[in-house]
Amino acid sequence: MTKLALSLGATVLMLGCASSPMPEWNSIFSARPAATTPPSPQPSRPAIVAQTVPQAIAVAPLPEVKVSPVAPPPPATPMPLQDQPLPYSAAVASRFPPPPITYSTPGLQGGRNTYTSQSEIQAWLRAQATAAGGVPGLAAAVIPAGTSQRGETIEALVLARATGTDPAALLANGRPTVFLVGQQHGNEPAGSEALLVMSRELAQGLLRSLLDRINVVIVPRANPDGASADRRETANGVDMNRDHLLLNTPEAQALAKLTRDYHPTVAIDAHEYTVAGRFLEKFGTVQKFDALLQYATTANLPEFLTKASEEWYRRPLVAALKTQGLSTEWYYTTSSDLADKKISMGGTLADTGRNVEGLKNAVSLLVETRGVGIGRLHIQRRVHTQVAAMTNVLNSTAQRASELSQLRPYIDKEVAGLACRNAAVVEAGPTPAQYELTMLDPVTGADKTLVVNWDSALALQTIKTRARPCGYWLSASSSTAVERLRLQGVQVQRLAEAGSVLGDNYRETSRTVSERQDVRGTIADGNNKAVKVEVGLARGLIEVPRGSYYVPLNQPLGNLVIAALEPDTQSSFFANQLIDDLKNTARVMAPPAFRLEDLP
Ligand SMILES: [Zn+2]
């Protein structure tokens, strides 16, 4: 065990004593010079923040992305270039030359104009499981995670040096598990194709040795219905990447079950972003960056989780991509309202996969390549960028495996230890700033740097805080809410006897009903609308009947529970009718004295 690990072990032991001060991050995890410059703008004043490539982290240099040799693709009959409508000038296109490697998934074969089909993905994953399963000590399986609304099976490839591919076998080997998800948005194909490449390289190629240090669970295509229709949403018109707290769609439920069962330490969510479209209309520009990156940025995240995300993951990732000639920026987007020239980093609400995985105490990374609205243009480079990014994150995890194996239980315990005392942020938002953002001239392809109004998600502004309860009481009729919480992995108990407890009832003081909004505009949410209430709290003794529920906060997912059950936010269970009346919930402000039983 290294000196660093011993130091952390001692700190974790000390944490058991409530009076111990919070340890300093750098004294625990890094003998290297402290990274003193936060990447975020100051909360109090707008500032121009140039993108930097920090040097505080010294990790072993990442080799160039290499993939195993494959049979050459069948003779291509590509559409003549002059027949392909370019979404922007040839000068812009020339800034994105093909990568040094040609990737060869079914959907990337020459002459194809469709991406890898669902049945081709299924066959591909099975071939990888078969190849890896023949290696002594390696466990591999394709497991069904759920069924899409149109009946497609959402599948995951599990690869590990373990006695099996079930969650217990992976947890038993002590290695961090990385959860990789592609194509939640059906019109963003590069992540899916890249995950097929990653599957093959991990199962039988040049990345297999990583399985000596890490486990992987790979879902190449989380939204097969959207993919087959080439559209963002699921079949019922829901943006599933805003459904990770509510879990209304079977697609989001499938991912939640995998997270609940496999407890990933790291989660990667692969997307693509709009390159021209509304940016061209608003700013007269085309977007430049090969990859936009962001980790979880929502209220109540443990400080060390954010530090690990920044120092152990994002910085080495930016550096590695730069080495390979790939450009990066923080993830940003802009609303569909053409009069609104604000640029926003990825949202701060507890609804995206990125933020909800963070609330489950995983290092959670969003990787977006420049792909929406440009068809198959630059597809090899987009896939290459995703493969390079994912490879770097897996390498970082392998290098940090020992530290991560201590960080995760430390954070789990820290979150649980906050119950009944301290404050909880109920609502937080981004901080307005200004930012120098480089885009491209759509004609000349030259860099065009603008100073934009920029909502930073790195510095959160607290909008509403409350005392952190010991837990939440839910009425016996709250079975839907209980089912969704348990799907997230939250421990819910049932009252084995009637009792009373000191608590806060919610009193509604105002209400509006409207479509949910995020930084892009209105969230695609089927026909659902959110009930946004303002509430007051009424402290008193609350009578709680036998058969009703108690959700303790002294558990690792305590912050996720707060996001779900404080009712007066857009993302909450109450706002979205998973709890239909404020009378069915209360904040429990003292340790309950009544007898509780675990649910079957
Ligand atoms: Zn997306």
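Author: Let us start with a torsion: about the S-S bond of Cys-420 and Cys-470 it is about 120°, so this disulfide is right-handed. Please keep in mind that this is a predicted model, in which local features need pLDDT of at least 70 and side-chain atom pairs count only at pLDDT 80 or more, while totals for chains, interfaces and linings use all residues. Residues are numbered from 1 along each chain as its sequence is written, and side-chain values use heavy atoms, with hydrogens and water left out.

Reader: How do you know that Cys-420 and Cys-470 form a disulfide?

Author: A disulfide is a pair of cysteine sulfur atoms within 2.5 Å, and the sulfur atoms of Cys-420 and Cys-470 are 1.8 Å apart, so the pair meets the rule. By this rule the count comes to 1 disulfide.

Reader: What makes this pair a tie between parts of the chain?

Author: Cys-420 lies in the loop between helix H13 (401-416) and S11, and Cys-470 in the loop between S12 and S13, so the pair ties together parts that are 50 residues apart in sequence. The names H and S follow a rule as well: helices (H or I, at least four residues) and strands (E, at least two) are DSSP runs, numbered from the N terminus.

Reader: Why is Cys-420 called partly exposed, and why is Cys-470 called buried?

Author: Buried means under 20% relative accessible area, exposed means over 50%, and partly exposed lies in between, with a 1.4 Å probe and protein chains only. The relative accessible area of Cys-420 is 36%, so this residue is partly exposed, whereas Cys-470, at 5%, is buried.

Reader: What makes Asn-300 count as buried?

Author: Its relative accessibility is 19%, so Asn-300 counts as buried under the same cut-off. Asn-300 sits in the loop between strand S6 (291-295) and helix H10 (303-323), and its phi is positive, about 75°, although the residue is not a glycine.

Reader: What makes Asn-361 count as buried?

Author: The value for Asn-361 is 2% relative accessibility, so this residue is buried too. Asn-361 is in the loop between helix H11 (353-359) and strand S10 (363-372), and it has a positive phi near 70° without being a glycine.

Reader: How do you know which atoms are the protein donors of the zinc ion?

Author: Donors are N, O and S atoms within 2.8 Å of the metal (3.2 Å for Na, K and Ca), and since water is not among the atoms, sites may look incomplete. His-185 (ND1), Glu-188 (OE), Glu-188 (OE) and His-271 (ND1) lie 2.0 to 2.5 Å from the zinc ion, so they pass the limit. Along the chain the donors follow the spacing H-x2-E-x82-H. The two histidines link distant parts, 86 residues apart, with His-185 in the loop between strand S3 (177-182) and helix H6 (190-204), and His-271 in strand S5 (residues 266-274).

Reader: What makes strand S18 (530-544) and strand S21 (596-598) edge strands?

Author: They belong to an open antiparallel sheet of 7 strands in the order S18-S15-S20-S13-S19-S14-S21. S18 and S21 each have a single partner strand, so one side of each is left without a neighbour in the sheet. The partner of S21 is strand S14 (residues 493-495), which pairs with it over 3 bridges, and there Leu-495 has Leu-596 as its bridge partner.

Reader: Why is helix H15 (residues 558-565) called mostly covered?

Author: In H15, 8 of its 8 residues are buried, among them Leu-560, Val-561 and Ile-562.

Conventions
Two strands pair if DSSP finds at least two bridges between them.
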